[in-house]
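Here is a walk through a two-part model, written to be read with the viewer open.

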Amino acid sequence: MSREKVITVQDLTKKFGDFTAVDAITFDVYEGEIFGFLGANGAGKTTAMKMLNGLSKPTSGSGTVAGLDVIKETEKIKERIGYMSQKFSLYEDLSVVENIQFYGGVYGLSRKRIKEKTEEILTELNLKDVAKKLVKSLPLGWKQRLAFAISMVHDPAIVFMDEPTGGVDPKVRRQFWEAIYEASKKGRTIFVTTHYMDEAEYCDRVSIMVDGKIEALDTPDKLKEQFNAETMDEVFLKLVRN
Amino acid sequence: MFKVFKAFVRKEFYHILRDKRTLLILFGMPVAQVLIFGFAVTNEFKNTEIDVLDYAKDTTSEQLINHIQSSGNFIVNAMLTSEQEMEDGFKAGESKLIVVIPENFSADFYANKRPEIQVITDGSDPNNANTLVQYITQMVNSFQTEKTTDATSPFQIQTATRMLYNPQLESAYNFVPGVVALILLIICAMLTSLTIAKEQEMGTMEVLLVSPLPPIIIIIGKVTPYAILSFGIALSVLLMGNIIFSVPIVGSFGLLMLMCLLYVITALSLGTLISTKSDTQQKAMMTSLMSLMMPSMLLSGFLFPMSSMPKILQWIGHIIPTKWFIDILKAVMLRGVGIDFILLEVGVLILMTVVLLFATWRSFKIRLE
């Protein structure tokens with residue numbers, strides 16, 4: 001591929017005492033890619049992601065995110081990435097506009113920029129009528145898309161998503177993936193963890209973590225071919241059982 | 001950085017103003033506490049009903065009974081005629097105390113033969129009974145002094161008690177500092193631990209930590225609004241105490257505020273410490289109630305004097321910041337002393353604060369990892 005690498009990871013390792021949570025993982029993520037980061041609970045997904053987000057210091061290995069070193073330049077990395085947690089990370093007792101303003105403020109946007117962004121998000125998500133309503137009164141699907149838009153309020157190069165579709169019904173999930181495609185088309189890189197295997201099919205490339213190691217990494221089609229499987233679900237089961 | 005901080009504080013005020021529970025604690029509780037402690041929970045009493053069993057039935061005994069009633073603390077509910085009636089008043093809950101005057105009362109009295117009267121109280125309410133006995137003893141003593149004015153008994157020893165700094169023994173002098181200390185603790189420790197735990201529960205803390213905001217700004221941003229509000233509320237409690245119950249502020253007001261600030265920092269670090277140990281609001285609430293509110297109310301000397309506690313409870317009392325803060329408040333407010341008289345208390349409080357801040361910082365860092 002000729003595209004630029006936005007995440008490079010070399011032998012990244014995290015140990016907690018004797019326990020190795022992430023065991024020398026190596027991979028690259030390209031610009032504009034939707035990169036699926038799969039694994040069972042406890043496989044080390046969250047720890048790996050925390051190291052990329054600058055929340056946790058790697059025990060050994062190296063890596064860059066948006067061209068910045070994950071060991072020395074964590075603070076700069078934080079300015080260049082967006083993050084969406086599985087709980088949608090909005091303040092329920094703040095209105096739609098107040099949430100946008102707050103996160104805009106947190107990322108140090110100028111007042112003028114916050115105004116523009118607010119306008120942009122409200123128009124794009126069709127939320128003008130409920131702009132002053134508290135977030136808790138919105139349907140789940142709207143909240144989720146608002147959280148996604150807000151995670152990109154500072155135009156980050158990469159958006160990290162930690163199981164963004166947990167507990168959401170299939171219809172809303174599909175809508176949400178449309179929003180992800182939309183963002184990816186604009187050149188945004190999406191790094192998403194999930195344990196819904198059907199969602200893995202939507203990703204450009206998928207890595208599967210088992211016990212701290214990346215056991216498989218390729219496009220969904222090639223993975224299915226490699227493991228002689230019909231669906232990603234089967235790929236995953238075959239990997240975990242071995 | 002200041003702009004970011006402002007955005008944070010504004011958001012925090014939205015949270016406070018939109019949450020009924022927080023509002024109730026912030027503004028309802030101080031008023032309720034002042035009123036409850038001021039009017040309901042009071043050690044003073046007025047017009048307590050007593051029974052009198054007067055075997056003497058002469059002028060002197062009548063004078064004594066009148067004298068007892070003259071203070072306004074007691075009124076006679078019933079004049080009993082026999083011992084059989086004694087318990088009736090107690091059981092009906094009408095009378096709290098019985099005075100029994102013996103037959104030879106006035107004879108003994110004038111013969112300087114140490115007349116004896118019997119006082120019977122309702123022991124099922126020991127605190128109250130104790131206070132009543134003290135009051136009635138005082139009345140009887142003063143009656144005796146009044147009656148035996150001249151040289152009849154030159155060797156009589158008179159005790160003249162004077163309660164310094166609180167001559168009327170107003171309980172408001174005790175509870176206003178106590179309430180200030182408690183309110184600051186509730187707002188700064190309990191509410192901040194709740195609000196930080198809430199961010200953790202909702203998952204928003206994670207997002208803030210991934211943002212470029214340094215963790216210290218997140219914490220300071222969260223606690224600042226509560227610090228400001230609690231300061232205002234502490235001031236209004238002092239004001240209420242002053243206006244409604246005329247509790248004076250004798251000492252330096254600046255010193256008083258400085259001490260409040262120190263205690264606010266202590267309480268805030270306690271609250272943050274609790275929040276780093278609890279991931280849900282419920283847990284934070286229970287921890288603050290059990291480990292802060294209960295000991296601070298019961299063991300700090302606010303409700304019960306420390307000197308009458310078993311040694312072990314006294315030790316526990318000494319590691320409660322509230323105890324030291326109440327001591328400081330009383331010293332500055334009521335006795336009007338300067339900082340040089342409360343160096344020990346201030347030192348202890350500063351030491352506690354430093355230790356707590358350090359523990360909070362460590363626990364917060366571990367949490368981040």
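## A loop residue to start from

A:Glu163 sits in the loop between strand S7 (158-162) and H6 of chain A; helices (H or I, at least four residues) and strands (E, at least two) are DSSP runs, numbered from the N terminus. This residue has a positive phi of about 40°, although it is not a glycine. Is A:Glu163 buried or exposed? A:Glu163 is buried, because 20 other C-beta atoms lie within 10 Å. The rule is that a residue is buried if 20 or more other C-beta atoms lie within 10 Å of its own, exposed if 12 or fewer, and partly exposed in between, with C-beta atoms placed from the backbone.

Before going further, a word on how to read the model. This is a predicted model, in which local features need pLDDT of at least 70 and side-chain atom pairs count only at pLDDT 80 or more, while totals for chains, interfaces and linings use all residues. Residues are numbered from 1 along each chain as its sequence is written, and chains are lettered from A and ligands numbered from 1 in the order in which they are written.

Helix H6 (residues 170-185) of chain A has 16 residues, which should span 22 Å at 1.5 Å a residue; its end C-alpha atoms are 23 Å apart, which agrees. The expected span of a helix is 1.5 Å times one less than its number of residues. In H6(A), the residues A:Arg173, A:Phe176 and A:Ile180 are buried. Seen down the axis of H6(A), these buried residues fall within an arc of 65°, so they line one face of the helix; the arc is that of the directions from the helix axis to the C-beta atoms. An α-helix has 3.6 residues a turn, so residues three or four places apart point the same way.

The buried residues of H6(A) pack against strand S3 (34-39), helix H5 (140-151) and strand S8 (189-194) of chain A. Two residues are in contact if their C-beta atoms, placed from the backbone, lie within 7 Å. On the other side of H6(A), the exposed residues are A:Lys171, A:Glu178, A:Tyr181, A:Glu182 and A:Lys185. Just after the helix, A:Gly187 takes a positive phi of about 95°.

Helix H4 (residues 111-124) of chain A has 14 residues and reaches 20 Å from its first C-alpha to its last, close to the 20 Å expected. Its buried residues are A:Ile114, A:Lys117 and A:Ile121. They fall within an arc of 65° seen down the axis of H4(A), so they line one face of the helix. Helix H3 (96-106) and H5 of chain A are included in what covers them. The face turned away from the buried side of H4(A) carries the exposed residues A:Lys112 and A:Thr123.

After H4(A) comes A:Asn126, in the loop between H4 and H5 of chain A.

| Residue | Other C-beta atoms within 10 Å |
|---|---|
| A:Asn126 | 10, exposed |
| B:Lys46 | 10, exposed |

## Cores

The largest nonpolar core has 70 residues, and those with the most contacts inside it are A:Val65, A:Ile150, A:Ile158, A:Phe160, A:Ile190 and A:Phe191. Such a core is a set of buried Ala, Val, Leu, Ile, Met, Phe, Trp, Tyr and Cys residues joined through C-beta atoms within 7 Å. Apart from it lies another core, of 59 residues, among them B:Met190, B:Ala234, B:Leu292 and B:Ile326.

Chain B has 14 helices and four strands. Its C-alpha trace spans about 90 × 45 × 40 Å along its principal axes. Of its 369 residues, 36% count as buried.

B:Lys46 is found in the loop between helix H2 (20-40) and strand S1 (48-54) of chain B. B:Lys46 and B:Phe74 are 28 residues apart in sequence and 6.7 Å apart in space, C-alpha to C-alpha.

The contact between the chains takes 21 residues from chain B and 20 residues from chain A. On the side of chain B that touches chain A, helix H1 (2-18) and helix H8 (204-210) of chain B each supply at least two residues. H1(B) gives the most to that side, with seven residues.
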